[in-house]
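Hello,

I am passing a structure on to you, and I hope you enjoy looking through it. Please open it first, and then read my notes alongside.

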Amino acid sequence: MSGRKLLIAMMLCVSGSGSGLIHAQSSFDEYKRKAFEQFEQFKAEKQREFDAYRDRVNQEYAEYMRSAWPEFKAEPAIPAPPSPEPPAPIVVDPDAEPDDTPLPFSSVTPAPAPMPAPEPLIPGDESAPKPITPVQPKPGLSFRFYGDTYSVPFDKSLRVILRNIDENSVADAWRRLSAPASVELVRKCVNLRDSMQLNGWGYIRLVEKIADAAFMGRKNESALMQMFILTQSGYKVRIARCDDRLLLLVPCDEIIYNLTYIPISGTHYYITDPKASSGGMHVYDKQFPKEKMFSLEISRQPQLAYEAAQSRRFKSAMNSAIDLDITVNKNLIDFFNDYPLSNHWNIYAKASLSDEVKSKLYPVLREAIEGKSKKSAANVLLHFVQTGFEYMTDGDQFGIERPMFPDESFYYPYNDCEDRAILFSVLVRELLGLDVVLLHYPGHLATAVRFDEPVGGNYFEIDGAKYTVCDPTYINSDVGMAMPQFKSTGAEIMRL
C-alpha cells in the first residue's frame, strides 16, 4: 500500500466515515495556514532586526565620515622589476644521467593561508515559501562584464549626485546610499559574485562595472558607490580625497605592481585607478564591522561567458600520443589580462586550468600516463611542457615581466620558464596528486616534486622530506636533472 493510501486509510479509521477525511483535510489546511503565518511573522521580525542593525551601522559609519579625514602620502607605484637575463632553454646531453646530489637552498616560503570570502552585511536569499502571486520585477541596471550583459536591481533613489566631496557631502551621500533600496542591489551583487565564482579582485571589477554603469562617467559618485557595495559585502576598503577626486583604496597583503598605494599601519592600500598620481591625500580610515582583506588568489576558476579563441595545436616531441588542439575562452584571457601584476607565483600556480581546457587536455594526458609509475608519468608531463610550447621571454613577447596564468600558456604563442613551471606544477598536483614546490633562482623558475616512491636525481631535503628537481625549461631532461649552472646556487623555495 502506498504512503498516501495508508494515510487516507488511517484517517478513515479514525473518523469512521468520509466526512472525517474531509475534516482531516480541513484541519491540515488550517495547520498549513497557521504555520505559514507564523513563519511570515518570524521572518518579518528578523527583517526588522536586520534593518535596525544595518541602519545603525551605516548611520554610525556616516557620522564618523563627518570628522576631518587625516592626510597620508601616496607612494609611487612599484614598477615590475626588470628580470635578470634568463637562461635560454638548454637541451640536455643525450648521454647525461641524473646524479643523486642534494642541492642547496636559501629559504623556504610557506604556502599562504587560504582567504575565505567575506561575510556580507546583507543576508543571502531566504529559502522561504514563495508567494502564489508573481512579484513584478523592478527596473534593472544593465552592464557588460567580460563578454555578457548582466542586470541588477537599481532604484533611481540610489543615483546620488555629489555636489561636493568634503566630509559632510560624502557622509550625506552615504546615508542616502544605505537606504532600504540598496539591500536588493547588494544582495544581487553578492549572488552574481558567487554564481560566477569570482574571487576578491574579480568582485572588485564587477562592482566597478556596475557603479560606472550607474553614474555614466561621474567618477566620484562611482568610487563612492563601489566603496559602499564592497563594505556591505564584507570587504575592507577605504576612500581617499585628492584635489577634486574620490579614489577607492583596496588593501592587499600581496605586492601589486604599477598601482599607486598608500601605506597605512603597515598595509599597502592600492588605488584602483591606474592613472592616480602620488602625493598627499586625505583618507577616510574607519573600520566597517566584520570587514576582511581581499586576496589575489584564485581558488576557483571564474565562470564567464564563453567566447572561443583561435584553436592552437600542442604536441609532445617525445610522446606521439600527446597531440591535440586546445581552444581557450577569450573572455577569461581578457580577465587575466586585466589582472594586477604580482611576483607571488603561487597566485598563478594555484589558479589551475579552466574546465574548457581540462576537458580537452586531461583525457589525453591521463591516457598517456595510464599504468605508469609516478616517476614515469611525471616524465611524460615534464616532456610535454618542455617541448609542446615555443619559448620566448616576457620582455620579448610583452615588453614587461608578466607571469601567465595556466590558461594563458595555451593562448599566447610563447611562454617562458616561470610559465612552464606554473603549468607543470598544476599538471603534477592535479593528475598525479603529488606535492610540488617552486624553485626561484636569479632569472629562472623551476619546480621540485615530492614523490611517494624512490626516485633518483638532484633533490632538496625540506623538513625531512625529499623534493626531486623537475625543470620544464631544461629541454628533454628527466625527473631529477637540474640545470648545471644552478646546482650550486641556493634556490628560494616556495610552497604552494
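Below are some notes on its sheets, helices and aromatic rings.

This is a predicted model, in which local features need pLDDT of at least 70 and side-chain atom pairs count only at pLDDT 80 or more, while totals for chains, interfaces and linings use all residues. Residues are numbered from 1 along each chain as its sequence is written, and side-chain values use heavy atoms, with hydrogens and water left out.

Let me begin with the sheets. Helices (H or I, at least four residues) and strands (E, at least two) are DSSP runs numbered from the N terminus, and two strands pair if DSSP finds at least two bridges between them. Contact here means heavy atoms within 4.5 Å; axes are lines fitted to C-alpha atoms, for helices over the stretch in contact, with angles from 0 to 180 degrees between N-to-C directions.

Another open sheet of six strands runs S3-S20-S15-S16-S18-S17, with mixed pairing. S3 and strand S20 (residues 491-495) are parallel and joined by four bridges; Thr 109 stands opposite Met 494 in S20. Helix H12 (residues 417-432) lies across strands S15 (435-441), S16 (444-450) and S18 (465-470), at about 15° to S16.

Now to the aromatic rings. There are 25 aromatic pairs in the structure, where rings of Phe, Tyr and Trp (its six-membered ring) pair if their centres lie within 6.5 Å, and planes under 30 degrees apart count as stacked, over 60 as edge-to-face and the rest as tilted. Tyr 146 and Phe 335 have ring centres 5.5 Å apart and planes at 75°, so this pair is edge-to-face. These two residues are 189 residues apart in the chain, and both are buried (under 20% relative accessible area, exposed being over 50% and partly exposed in between, with a 1.4 Å probe and protein chains only).

Best wishes
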